[in-house]
Amino acid sequence: MNDSNNSALVEFRDVSYSVPALPAPILSDLDLTVQRGETLVLLGESGCGKTTTLKLINRLYLSSSGQVLVEGKSTTDWDPIALRRRTGYVIQDAGLFPHFTVADNVGLVPSLDGWEEAKINDRVRELLNLVGLDPVKYAERYPRELSGGQRQRVGVARALAAEPPLLLLDEPFGALDPLTRASLQRQFVDLTKRLGKTAIFVTHDLREALRLGSRIGLMHAGRLVLLETPENFLKSDEEHARAYLETLKLQVDDEAGGSK
Amino acid sequence: MSFWNFLQQNWVEMLTLVRQHLSLVLISTAIAVVIGIPTGILLSRNKALRNPVLGIANVMQTIPSLALFGFLIPLPFIGGIGATTAIVALVVYALLPIIRNTVTGILGVDHNVREAAVAMGMTDGQILRQVELPLALSVILTGVRVAMVISVGVTTIAAAVGAGGLGVYIFRGLRQYDNNLLLAGAVPAALMALAADFSLGLLEKRFSVEGKVEKRRGGLGSKVAIAVLVLLVLLGAYGTWRARARGTASATAQRVVVASKDFTESILLAEIVAQSLESRGVVVERQYELGGNLPQDALVAGRIDLYPEYTGTAYTAILRHPPITDPRAVYDQVKREYAEKFNVEVSAPLGFENTFAILVRGADARKLRLKTISDAVPHARSWRAGFGQDFMTRADGYPGFSRAYGLKFADQPREMDLSLTYIALASNKVDLIAGNSTEGRIAALDFVQLEDDRRYFPPYEAVYLVRQDSLNRVPALREVLSKLANAITTDEMRKLNYEVDANKKAPVEVVREWIKQKGF
């Protein structure tokens with residue numbers, strides 16, 4: 001996968017999305033290319049269209065105009081089931097099936113794809129180890145018997161199970177305490193590097209964006225207003241980017257003030 | 001007789017009724033599950049259909065059960081007298097909770113979980129089978145539980161259409177003022193409802209997400225629940241099998257279906273015909289204790305061949321003529337119209353009348369010197385009255401009666417079950433009732449019948465109503481009916497009623513003795 005690093009995995013061509021109930025489009029004229037192997041972070045406030053962008057990729061939504069291409073093929077030409085099985089999806093609170101054990105949750109897509117049981121079991125064990133959960137201890141637990149951080153790890157393991165080339169993550173660490181969050185972020189960076197996965201990561205947290213992204217796409221009111229590497233993002237003069245950077249400064253000041 | 005003695009003597013019959021009851025409940029609930037859950041699934045996916053279908057199910061559940069049985073009797077295939085009709089009605093009542101809970105359960109699945117399922121690439125069928133149904137299962141089971149408990153209750157009314165079950169004891173107990181019978185019917189029914197509630201409740205917990213965690217820790221509850229359910233199902237299956245085995249045995253020979261209304265006298269009169277036919281080699285199927293207008297509907301629909309009726313009832317309640325007092329005119333008119341309208345023949349009168357008897361307590365009658373209804377009019381203003389549903393509504397009942405005598409009571413008369421009015425009068429809950437003149441308990445409870453001095457009530461001569469085609473098919477029928485013409489006096493009828501109602505003898509025995517005595 002490394003040698004195709006520079007080719008586009010996901011492409012948005014002039015994509016808009018609107019629903020009849022709302023007067024303004026949720027997403028307007030989006031042009032965006034996501035390269036293989038990169039982690040693109042979509043940053044923005046609630047309602048800016050970042051989650052919508054994500055859902056257009058695995059065809060949970062269909063665009064009102066324009067084209068979304070995955071692996072060079074328009075999502076409308078993909079069989080939605082096949083497309084989604086090649087796309088790992090992680091959401092806030094993990095969205096684990098409460099009536100499945102951890103092992104069943106992680107092994108879901110492989111079993112849908114008809115893997116043999118022994119192979120699924122191996123894969124589940126491998127993935128739980130990968131996300132830092134001891135399989136012996138956790139495989140047979142139900143989600144309600146896990147902490148929030150553990151559930152989120154299981155969510156990531158489930159998304160990775162069938163080795164999808166693409167991962168979509170919608171504020172996966174949003175509901176976690178700061179320490180667990182930082183630990184999961186470090187692990188995530190590790191994982192994507194090691195596995196060479198392409199990831200599109202939605203967050204409203206600038207620090208998280210800076211920590212994880214190889215590029216940051218800043219969205220505002222349904223438009224992509226800035227697309228830069230973390231270094232350039234910090235230097236940007238774009239007004240919404242500045243507003244975000246201000247909050248960062250305030251936080252640092254607060255923390256400095258608190259330590260005096 | 002103590003309840004314990006009663007049980008010792010009747011436990012075989014009681015077990016049969018329990019088995020019938022159980023098989024009605026289980027079969028109807030099973031059918032309702034098979035129809036209701038797929039319907040619920042469909043509605044969870046089709047928003048446009050959801051409210052109309054739930055609305056219809058809702059309305060169906062508000063139909064009074066006896067009325068529903070009445071609608072069903074004339075229908076082909078699903079109607080008739082007996083278990084089929086009862087099961088159809090029970091299914092109708094059980095559907096709503098099952099459909100509604102299936103819809104609620106599926107729509108109640110966490111939005112995040114459903115979205116995750118879609119995003120994992122599950123097909124609609126996989127989402128339904130692996131995610132929605134398992135997560136909705138405990139809610140669906142709640143629906144089944146509610147349906148089953150409702151069924152146990154409604155099944156007691158199924159006795160009114162000859163489907164058997166514990167309602168037979170309850171109706172009989174009310175009629176005969178017999179607490180043992182009431183208890184023998186009500187207690188097992190209540191226990192059955194509790195058992196269904198308890199075992200399905202355990203299953204529900206077992207299939208909830210919490211239950212899954214419990215189970216892995218080795219929970220005992222689910223084992224108990226499954227054991228109780230399996231036991232219920234086996235009992236029900238056995239009951240059904242027994243019923244079938246019996247049903248086929250008698251399907252061959254020349255058969256007459258004899259029916260009765262749901263009071264002792266009607267049962268006795270039907271039994272007289274039944275035994276007379278049997279002694280002439282005809283196979284008789286008994287469909288006794290049919291409630292409300294069911295015997296008439298069933299006769300016209302050809303589900304039964306014969307039942308005892310009263311000319312005045314036929315004249316006013318069925319043919320809807322205003323009441324008149326000439327017995328001859330009433331009989332002739334009824335005979336002519338039944339032949340024309342229903343192809344039903346009216347037998348010769350049996351020799352006694354069962355008219356409405358306006359009854360007061362003997363103590364009141366003696367103290368106030370009451371002989372006639374007119375004597376009672378001045379006192380009525382401080383009295384309360386209780387009447388059967390029948391009397392309250394029919395043309396020759398309360399409205400015309402109170403007008404004819406200028407009667408006014410302290411309150412609007414209480415409307416209650418006819419057999420309960422006797423109890424209410426005896427226990428001073430009401431002061432005047434309209435009973436039957438041949439009621440055996442009149443003397444036993446020290447009631448006094450007030451004379452109808454204005455000749456308000458039309459004549460109620462006892463007759464048999466028989467389908468003409470039955471008479472042609474079974475010649476012995478005509479012979480039996482002509483033997484019974486003018487064969488029973490009012491006094492005799494009262495005695496027969498008393499034997500059953502007060503002395504608690506079985507109608508079969510009472511009739512057997514009477515036939516022997518009469519030398520038929």
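Predicted model: local features only at pLDDT ≥ 70, side-chain atom pairs only at ≥ 80, totals over all residues.

Strand β10 of chain B spans residues 462-467 and is mostly covered, with six of its six residues buried. Its side chains can be listed by direction: A462(B), Y464(B) and V466(B) point one way, while V463(B), L465(B) and R467(B) point the other way, and all are buried.

| Property | Chain A | Chain B |
|---|---|---|
| Secondary structure | eleven helices and ten strands | 24 helices and ten strands |
| Box of C-alpha atoms along the principal axes | roughly 55 × 55 × 40 Å | roughly 85 × 60 × 50 Å |
| Buried residues | 40% of 260 residues | 47% of 520 residues |

For chain A, the radius of gyration is 19 Å; a compact globule of 260 residues would have a value near 18 Å, so the two agree.

## Domains of chain B

The domain assignment divides chain B into domain 1 (3-247), domain 2 (255-352 + 460-518) and domain 3 (356-450). The C-alpha centres of domain 2 of chain B and domain 3 of chain B are 27 Å apart. Where these domains meet, 14 residues of domain 2 of chain B are in contact with ten residues of domain 3 of chain B.

On the side of domain 2 of chain B that touches domain 3 of chain B, the elements giving two or more residues are α13 (311-318) and α23 (490-501) of chain B. Of these, α23(B) gives the most, with six residues. By class, this side of domain 2 of chain B comprises seven nonpolar, four polar and three charged residues.

## Domains and a sheet of chain A

Chain A is assigned domain 1 (2-86 + 165-259) and domain 2 (96-163). Their C-alpha centres lie 25 Å apart. Ten residues of domain 1 of chain A are in contact with twelve residues of domain 2 of chain A. On the domain 1 side of this contact, helix α8 (residues 178-195) of chain A gives the most, with four residues. That side of domain 1 of chain A has seven nonpolar, two polar and one charged residues.

Chain A also holds an open sheet of four strands in the order β2-β1-β4-β5, with antiparallel pairing. Strands β2 (27-35) and β5 (73-74) of chain A stand at the edges; each has a single partner strand, so one side of each is left without a neighbour in the sheet. The partner of β5(A) is β4 (residues 65-70) of chain A, and these strands pair in the antiparallel sense over two bridges. In this pairing, V70(A) has K73(A) as its bridge partner in β5(A).

Helix α1 (residues 50-57) of chain A packs on the sheet, where it touches β1 (8-17), β2 and β4 of chain A. The direction of α1(A) makes about 120° with that of β1(A).

## Contact between the chains

Which chain supplies 18 residues to the contact, and which supplies 19 residues? Chain B supplies 18 residues, and chain A supplies 19 residues. On the side of chain B that touches chain A, α5 (111-119), α6 (124-157) and α9 (209-216) of chain B each supply at least two residues. The largest share of that side, six residues, comes from α5(B). By class, the side of chain B that touches chain A has eleven nonpolar, four polar and three charged residues.

How values were computed
Residues numbered from 1 in each chain as written. Chains lettered and ligands numbered in written order. Rg over C-alpha atoms; globule rule 2.2 N^0.38 Å. Buried ≥ 20, exposed ≤ 12 C-beta atoms within 10 Å, placed from the backbone. Domains from an automatic or database assignment. Contact = placed C-beta atoms within 7 Å. Nonpolar A, V, L, I, M, F, W, Y, C, P; charged D, E, K, R; others polar. Pairing = 2+ DSSP bridges. Axes fitted to C-alpha atoms, helices over the stretch in contact; angles between N-to-C directions.
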